[in-house]
Amino acid sequence: TELPDWDTYPSVSPDGKQLLWRRIAPTGGKSESGRNSEVFWMDLASGEIRNVTSHQAYDGWPAWSPDGRFFAFASNRANVEFEAFDIYVANADGSNPVRVTFGDGDQGTGSWTKPSFSADGKTMYVSVGSYSNVQQSGEDETERAAILSFTPTGGSRKIFASGLRNPLDLQAAPGDRERLYVVEQGGRIRVIRNGQLQATPF
């Protein structure tokens with residue numbers, strides 16, 4: 001792409017032929033600034049590009065499913081006023097987006113942002129932000145500043161790892177069933193291995 005200030009969070013399809021990423025647009029959104037955020041798709045061979053979310057809310061942080069049939073993304077389309085994000089799963093072409101998590105809802109306290117699939121596609125992980133990280137806001141922070149896991153339809157939700165400082169991004173390496181790599185606020189990279197947060201960060 002040619003918009004380095006606006007294009008972030010790339011995700012390459014399992015077959016290496018397609019790319020999804022988040023693109024910020026200066027206009028067209030419902031945010032206070034008027035900016036918008038969409039998920040864009042590219043065919044890497046031809047260079048063809050499409051907007052596959054097309055919504056006035058903020059959509060972004062895409063992640064391919066291991067079989068390449070679906071992708072997950074975060075959006076505040078259900079809670080634009082409070083900028084509270086949840087996870088949606090759509091077909092590879094962006095059709096039929098389905099909301100699969102129902103986080104902090106209309107309070108907007110904490111956001112579900114970066115999703116990732118397990119290597120076998122049976123589990124999804126998501127980073128959940130927090131306003132305080134350490135429960136200084138007076139709100140219930142039980143499921144915040146953590147990584148949650150659930151099925152791709154939103155069931156069996158649980159805390160997968162906690163003790164993190166506002167996780168912003170996470171990735172599961174292809175074929176690796178043991179480890180997740182998490183980027184905390186401030187840029188520190190943490191490793192979760194078999195559900196256990198490792199003491200030594202990168």
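Visitor: Which residues of the largest nonpolar core touch the most other members?

Guide: That core has 15 residues, and those touching the most other members are Ala72, Ile87, Met124, Val126 and Phe150. Please keep in mind that this is a predicted model.

Visitor: What lies apart from it?

Guide: Another core, of 10 residues, lies apart from it, and its members include Tyr125, Ala172, Leu180 and Val182. As background, nonpolar side chains in soluble globular proteins tend to be buried together.

Visitor: Back to E11, then: is that strand mostly covered or mostly open?

Guide: Strand E11, residues 146-150, is mostly covered, with five of its five residues buried. Ala146, Leu148 and Phe150 point one way from E11, while Ile147 and Ser149 point the other way, and all are buried.

Visitor: How many bridges join E10 to E11?

Guide: Five bridges join E11 to strand E10, which spans residues 124-128, and the two strands run antiparallel. Within that part of the structure, Val128 stands opposite Ala146 of E11.

Visitor: And how do E11 and E12 pair, parallel or antiparallel?

Guide: E11 and strand E12, residues 158-161, pair in the antiparallel sense over three bridges. Ser149 has Lys158 in E12 as its bridge partner.

Visitor: What about E6 and E7, how many bridges join them?

Guide: Strand E6, residues 70-75, is joined to strand E7, residues 86-91, by six bridges, and these strands also run antiparallel. Phe73 is the residue that stands opposite Tyr88 in E7.

Visitor: In what order do the strands of the open sheet come?

Guide: The open sheet is formed by four strands in the order E5-E6-E7-E8, with antiparallel pairing. Its edge strands are E5 and strand E8, residues 98-99, each of which pairs on one side only.

Visitor: Changing topic: how much space lies in the largest pocket?

Guide: The largest pocket holds about 410 Å³ of space. It is lined by 21 residues, of which Val12, Trp64, Phe117, Ala172 and Pro174 are the closest to its centre.

Visitor: Which elements give two or more residues to that lining?

Guide: They are strand E1 at 7-12, strand E5 at 59-64 and strand E9 at 112-117. The largest share, four residues, comes from E9.

Visitor: What does the lining look like by class?

Guide: The lining of the largest pocket has 13 nonpolar, seven polar and one charged residues.

Visitor: Let's look at Trp41. Is it buried or exposed?

Guide: Trp41, whose place is in strand E3, residues 36-43, counts as buried because its relative accessibility is 7%, where the cut-off for buried is under 20%.

Visitor: What is Trp41 in contact with, leaving aside its neighbours within four places in sequence?

Guide: Its contacts beyond that range are Gln18, Leu19, Leu20, Trp21, Glu48, Ile49, Arg50, Val52 and Trp64. For Trp21, which is 20 residues away along the chain, the C-alpha atom is separated from that of Trp41 by 6.8 Å.

Visitor: Now the backbone. What is the phi of Tyr9?

Guide: Tyr9 has a positive phi of about 55 degrees although it is not a glycine. In general, most residues other than glycine have a negative phi. Tyr9 lies in strand E1 and is partly exposed, with a relative accessible area of 26%.

Visitor: And where does Asn194 lie?

Guide: Asn194 lies in the loop between strand E15, at 189-193, and strand E16, at 196-197. Its phi is near 50 degrees, a positive value in a residue other than glycine, and at 54% relative accessibility Asn194 counts as exposed.

Visitor: To finish, what does the secondary structure of the whole chain come to?

Guide: The protein chain comes to zero helices and 16 strands. Of its 202 residues, 46% count as buried. Among contacts in the chain with a separation of 6 or more, residues 24 or more positions apart account for 34%.

Terms used. Residues numbered from 1 in each chain as written. Predicted model: local features only at pLDDT ≥ 70, side-chain atom pairs only at ≥ 80, totals over all residues. Heavy atoms only, no water. Buried < 20%, exposed > 50% of the residue type's maximum accessible area, 1.4 Å probe, protein only. Pairing = 2+ DSSP bridges. 1 Å grid on protein atoms, 1.4 Å probe; cavity = no way out; pocket = protein on both sides within 12 Å on 5 of 7 lines; lining within 4 Å. Points joined across faces, edges and corners; volume = space filled by probe spheres on them. Nonpolar A, V, L, I, M, F, W, Y, C, P; charged D, E, K, R; others polar. Core = buried A, V, L, I, M, F, W, Y, C linked by side-chain atoms within 4.5 Å. Contact = heavy atoms within 4.5 Å.
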